[in-house]
Every structure is written in structure tokens, then in C-alpha cells.
Amino acid sequence: MFKKITAILLLFFCVFGFANDLATIQRTKKVRIGVRLSQPPFSVLNSNNEFEGFEAELAKKLGEKLVGENGYIELVGVNANDRIPFLDSNKVDLLVANYTQNDERAKKVSFSMPYLSSNLAVISHKSKNIKTVKDLYNVKLLVIKGTTSIEWLEEKGISNFDLVYCSNSKDCFEKLTNGEGDAYLHTNILVAYIPLLDPDFEMSIKIVGNIDFIAAAAKKDNKDLIKFVNKSILELSKEGFFKQAYESTLLPFYKGTLDKKFLLLDDIYNTFI
């Protein structure tokens, strides 16, 4: 009976938060990092069922820093709404999943220093003549639940908008192009590609709200892990990782429509190195 109770308690502790601290990760040489399932050019499954993209590469590099080249790095696909639940249920140890920092989210997770900057933007058909935020009150607006788009809309009074919900960026793109929505509100780095695919669409509002910062995230108060990730981000910057990753993943995708000086944070990191 005692052995049975002990086994149950061990299982409980493993599931609810004691298997993803820095000491455990480094002792077991295993880390699970959540990346977005379908978010090109940041993370997407290729034909070999492997994740590739800017964040996928960053996750692998952080994983190597954590467990060494011979350790086990598992990339776990997540959607926007999965991020906090996957941390809370111990399905992942760390998120590198297009997660924008803000005060509300910081109550639920621990953020690293940021690795990208971004802002909300609007993509719409040129014929809709959408030019200002006020124009969004009179159209069907595509958004993804669990994103900063929703948080911005809540600040403005979400009931004032005619919203069409999507499951992910691909779903929003399809709904936008088939006319289910008139405009698509999302992070600029996740919508800038659309006018490249279809010149009838434009980034009609380039900046909505404030400049945001995207960071890795761990379970709340997992301070040692976040401290290690921060140190690793500075090391990767010094090693030239972010510039290389930009040139191999983001630049070919955006074809110069988003300048790296508005995305990368190496200049800020240099003050810490």
C-alpha cells in the first residue's frame, strides 16, 4: 500500500511542475520546447515531419545550450491557445512560440528577455479602403483567439467589432481570401507575407497599438530556467545566430518587406555583452 501511494505521489509531482526545472532538464539531458504548429516562417512542419523556421532554429539552439549536443531536444507543436495549458500541464518545459510579452500574461508565465520586436497590423483587400483603426468598426474583422489581437480589441471594447474567429494564421488567410472576412488583425511579422502572395491585398494599417516584444516563456517562477535562457540568448547574439537565422528564414520569406532593424534586438543585447 505504501509503495502504491508513493508511486501515485511521484506521478503527481511529475505532472504538476517538478519535471521541468533547470536542474531536472540538465540532469536528464532532455528538454521539451513548444513551437508553433503552423506559423511560417517561424515554425512549420516540413515534408520530413520536422520543424523548421526562425523559432524552430532558436528552440534547437536553446535546447543545445540546456542539454548539450548529445542531449534530447523534443520540439512540441502548439497552437496559440495551447501555450499556457501546455506549460501548466507539464507537456512542455519552455515555449519559443511567437509569445508576445505583456503584463497580463506575465501573471501566468515567466518570460525571458525578448528575441524579436513586433506590432499589430491590419491586412485587407485594397478595394475595402481601410486606412485607420476607425474603419475596423465597420467591417468583418478576422482574429485568432488567445493572441494580442484579442487583448487590444478588449481594450477598445470587443463588442463594438464584428469578429470572425480563426484557428490559426493559415485559417485566417483562407478566410480573408475567400471573403469570409474583410480585414485581418494580427502581428505584423505574421501577416506581412500576404501581399506577396496576392497583390490585391495590402498592409492597410502598418501599426496598431504599441511596439511589442516576443520572448520565450516558462512556467511561472521557474527563475533558474529563465535566467539560463537569458544568458543563452546573449550568447547566441554574440555568436551571430540571430542575424544568420534572419538571413536564412525571415529574409527569403518576407523578401525585404520587413527590415531586420525593426525585428532583431542585437543592438540592445550589445549593451549587456
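This is a predicted model: local features need pLDDT of at least 70, side-chain atom pairs count only at pLDDT 80 or more; totals for chains, interfaces and linings use all residues.
Across the whole structure, a search identifies eleven aromatic pairs. Phe42 and Phe54 are buried.

Phe54 also pairs with Phe242. Here the geometry is tilted, the centres being 6.4 Å apart and the planes forming an angle of 40°. This second pair likewise links distant parts of the chain, joining Phe54 in helix α3 to Phe242 in helix α11 (residues 241–254), at a separation of 188 residues. Phe242 is buried, as is Phe54. A single aromatic cluster is formed by Phe42, Phe54, Phe241, Phe242 and Tyr269.

Rings also take part in arrangements with lysine side chains. The charged end of Lys91 is placed over the ring of Phe86, at 4.8 Å from the ring centre. Lys145 is positioned over the face of Tyr165, and its distance from the centre of that ring is 4.7 Å.

One disulfide is found in a search of the whole structure. The disulfide joins Cys166 and Cys172, whose sulfur atoms are 2.1 Å apart. In general, such a link is a covalent bond between the sulfur atoms of two cysteines. The torsion about the S-S bond of Cys166 and Cys172 is about 95°, and the disulfide is therefore right-handed. Cys166 has a relative accessibility of 8% and so counts as buried. Cys172 also counts as buried, because its relative accessibility is 0%.

Helix α6 spans residues 148–156. Its buried residues are Thr148, Ser149, Ile150, Trp152 and Leu153. The elements that cover these buried residues include α5 (103–106) and the strands β7 (109–125), β8 (140–144), β9 (162–166), β10 (183–187) and β11 (201–219). After α6 comes Gly157, which has a positive phi, near 100°.

Conventions. Residues are numbered from 1 along each chain as its sequence is written. Side-chain values use heavy atoms; hydrogens and water are left out. Rings of Phe, Tyr and Trp (its six-membered ring) pair if their centres lie within 6.5 Å; planes under 30 degrees apart count as stacked, over 60 as edge-to-face and the rest as tilted. Buried means under 20% relative accessible area, exposed over 50%, partly exposed in between (1.4 Å probe, protein chains only). Helices (H or I, at least four residues) and strands (E, at least two) are DSSP runs, numbered from the N terminus. A charge sits over a ring if NZ of Lys or CZ of Arg is within 6 Å of the ring centre and within 35 degrees of the ring normal. A disulfide is a pair of cysteine sulfur atoms within 2.5 Å. Contact means heavy atoms within 4.5 Å.
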